[in-house]
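Please look over the sequence and the structure before turning to the points below.

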Amino acid sequence: MEKDPDTIVEHDLFPFIRIYKSGRLERLLGTSVVPAGTDPVTGVISKDVQINPTTGVSARLYVPPHIPSHAKLPILVYFHGGGFVIETAASPTYHNYLNSLVSNARILVVSVEYRRAPEHPLPAAYDDCWEVLAWTASGSCPDEWVSVYADLGRVYLGGDSAGGNVTHHMAVKAASQGIKIKGLILCHPWFGGSGSIGSEPEDPVKKENSLKFWRFVYPATTGLDDMFMNPMAKEERMDSVYKCEKVLVAVAQKDGLRDRGKLYYDKLNEAVLSGKWDGRVEFYEAEGEDHVFYLHNSSCDKAGEMMQMVVSFID
């Protein structure tokens, strides 16, 4: 008797996702959602806005309470993490984090709801994130919150993990399209490369697994030195980051992506020291912590430190 193809695992990318022979897809994390509205703890108000009805791309917008008349707020376009396969802008993980950030920093946030792999492999997420960024920063945004409250002279881009990766590439594209970005916030960014650096293991099996996952989300990739995975692959793309005034790079000591984030910081710091870039780069390392710890344990001391780093970095 043949096994039911709905029970036969064809791709097991634990702990993120499983795909069965029948085509059934099972996300193992990041499936919970919460509605927009007024946060009872902070008073921050959020709403969902559809950007493109054809693709379904949308954004969740946040504003702090009690905005003074005629006030203009810095605006942060935020890209959530999740390996391009899990989590959403409506996830309680990101909703709670951004409520807290908006309350502390008194900013307007546009949190992007992009399409995810494998249903929509990369570069779909990059395309969606660019569409929302352009919608936000065009100067003719139809949304009242953006048109009334946003200071388009203080546009920030930020994200964690895969969202940190997106942050870099959106800065590159913004530079090519003449959109001024004041600063970047890359938290535990997902970057890579074919060669090992720092404390990265030389284990070929782990490298192969990294490539396997990257190919899963981006089938057309050329590999781990693809410009979308390795920001050092094309010097001219790093040069575009120098159009920003400042960059904050945050890493965690126990995170396997730690050294890639540090390399990104080192490259920017080298540009400052050489006089190639007259901007500012800041670095924060959370000792004893692992990947995106602050999203899952927001009450710990290190999460509080990181929140203050981000708040002080933004005007």
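The model is a predicted one. Its largest pocket holds about 1,200 Å³ of space, and a search of the whole structure finds 18 aromatic pairs but zero disulfides.

**The largest pocket**

- The lining of the largest pocket, a space of about 1,200 Å³, is made up of 42 residues.
- Nearest the centre of this pocket lie Phe16, Trp190, Ser210, Asp255 and Leu257.
- Two or more lining residues come from each of these elements: strand E1 (9-13), helix H5 (204-217), helix H7 (258-274) and helix H8 (293-296).
- Helix H5 provides the largest share of the lining, with six residues.
- By class, the lining of the largest pocket comprises 16 nonpolar, 13 polar and 13 charged residues.

**The second largest pocket**

- The second largest pocket contains about 220 Å³ of space, and 13 residues line it.
- Tyr97, Ser100, Tyr294, Ser298 and Met307 are the lining residues nearest the centre of the second largest pocket.
- At least two lining residues are supplied by each of helix H1 (92-105), H8 and helix H9 (301-313).
- The largest share of this lining, five residues, belongs to H1.
- Seven nonpolar and six polar residues are found in the lining of the second largest pocket, with no charged residues.

**Aromatic rings**

- A search of the whole structure gives 18 aromatic pairs.
- One of these is formed by Phe213 and Phe216, whose ring centres are 6.5 Å apart and whose planes meet at 40°, so the pair is tilted.
- Both Phe213 and Phe216 belong to helix H5, where they are three residues apart, about one turn of the helix.
- Phe213 and Phe216 are both buried.
- Ring pairs also join a cluster made of Phe16, Phe84, Tyr114, Tyr126, Trp190, Phe213, Trp214, Phe216, Tyr218 and Phe228.
- Among the members of this cluster are Phe16 and Trp190, which are also listed with the residues nearest the centre of the largest pocket.

**Lysines over ring faces**

- Lys47 is placed over the face of Trp145, at 4.3 Å from the ring centre.
- Lys246 is placed over the face of Phe313, at 4.9 Å from the ring centre.

**Cysteines**

- A disulfide is a covalent bond between the sulfur atoms of two cysteines.
- The whole structure has zero disulfides according to the search.
- For Cys187, the closest cysteine sulfur is that of Cys300, and the separation of 14 Å is too far for a bond.
- Cys187 has a relative accessibility of 2% and therefore counts as buried.
- For Cys244, the closest cysteine sulfur is that of Cys187, at 15 Å, again too far for a bond.
- Cys244 also counts as buried, because its relative accessibility is 4%.

**A residue of strand E10**

- Leu248 is part of strand E10 (residues 246-252).
- With 2% relative accessibility, Leu248 counts as buried.
- Leu248 and Glu305 are 57 residues apart along the chain, and their C-alpha atoms are separated by 14 Å.

Key. Residues numbered from 1 in each chain as written. Predicted model: local features only at pLDDT ≥ 70, side-chain atom pairs only at ≥ 80, totals over all residues. Heavy atoms only, no water. 1 Å grid on protein atoms, 1.4 Å probe; cavity = no way out; pocket = protein on both sides within 12 Å on 5 of 7 lines; lining within 4 Å. Points joined across faces, edges and corners; volume = space filled by probe spheres on them. Helix = DSSP H or I, 4+ residues; strand = E, 2+ residues; numbered from the N terminus. Nonpolar A, V, L, I, M, F, W, Y, C, P; charged D, E, K, R; others polar. Phe/Tyr/Trp six-rings, centres within 6.5 Å; stacked < 30°, edge-to-face > 60°. Buried < 20%, exposed > 50% of the residue type's maximum accessible area, 1.4 Å probe, protein only. Lys NZ or Arg CZ within 6 Å of the ring centre and 35° of its normal. Disulfide = S-S within 2.5 Å.
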